[in-house]
Amino acid sequence: MDPRSAMRRQLGVWSAGDLEAVGMRHRSIAELMRAGTLYRAGHGWYATSSTPAAVTTALRRGARLTCVSAAAVHGLWTPPFGEVHVAQRRGGGRRCHSVVHEHRPVVRAWPDDEPVLPLDTALVHAGTCLPGESVAVLLESALERGVLDRAAVVDILDRIPVRVRRQLTGLRVDAGSGSETRVRRYLKRRGVRVRAQVQIRDVGRVDLLVGDRLIIECDSREFHDSADAYETDRERDVRAIAAGYAVVRLTWYKIWVDWQRTCETLDSLVRSGLHRARGGRLRLASG
């Protein structure tokens, strides 16, 4: 029976204790390493070909993944990031290099024996490291996916700096993606009325409804790139326009890479009054 936790099985990681529990000794481990089945990933840890590079990067430095890097492993929707975010334990670990972001203060002791810090700890670290908007993306993803409940999120908020906490009002439990979170929060900061996950008769559920009639869909590569999805999306758009709505689709690239120009476009749309009703009865069901 595999003694590894669900987390270690998911990551393809073995601790020395895991190997000992299945009766493996130094000679057997050495044979697996020569065969390329296992390789050493820091003191007391062994990795496999399926182990994510970020995990081994942390373990080789006597560290653990945290912040946005840990959030990704825990299954949250994460904004794009480059550096591997790690936490060090006091008195251990090696100095990190430029592709690793080391969190301070160092941890007195690991809270468990996993290669990734618990999600609540990782999100507290995120609250001291990331812009408030990115923290909101992570927290809303955790709520939407049921990984954390509201009480757990309140506890996390109590543990992060006040300057960041003030930016995190209005967290929702039904955000469809971090892209949706980013666009919604941008419009709200500008005083524009925006509702998320609104059901519209004859159209279906839309990501965002701005004002009375501007629908914004935040398209991801994962769910909108196939030919069938493309046709379905366009059919929905036709029905929405026929019902009196205006529709704007924003890709992942427009929201996360070309964001400044996208903000200018959103501001222009709002200034034009495109989101305001222009007569007739719109088929809004519920929001």
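The model is predicted: local features need pLDDT of at least 70 and side-chain atom pairs count only at pLDDT 80 or more, while totals for chains, interfaces and linings use all residues. Residues are numbered from 1 along each chain as its sequence is written, and side-chain values use heavy atoms, with hydrogens and water left out.

**Cysteines**

A disulfide is a pair of cysteine sulfur atoms within 2.5 Å. By this rule the model has zero disulfides. Two cysteines are set out here.

**Helices α6 and α7**

Helices (H or I, at least four residues) are DSSP runs, numbered from the N terminus. Axes are lines fitted to C-alpha atoms over the stretch in contact, and angles run from 0 to 180 degrees between N-to-C directions. The axes of α6 (residues 119–127) and α7 (residues 132–144) come within 9 Å and cross at roughly 160 degrees. The pair is therefore roughly antiparallel, a term for angles over 145 degrees.

Contact means heavy atoms within 4.5 Å. L123, A126 and G127 of α6 meet V135, L138 and L139 of α7. Of these contact residues, five are nonpolar, one is polar and none is charged; Ala, Val and Leu are among the nonpolar types, Asp, Glu, Lys and Arg count as charged, and Gly counts as polar.

Notes: Helix = DSSP H or I, 4+ residues; strand = E, 2+ residues; numbered from the N terminus. Parallel < 35°, antiparallel > 145°, perpendicular 65-115°, else oblique.
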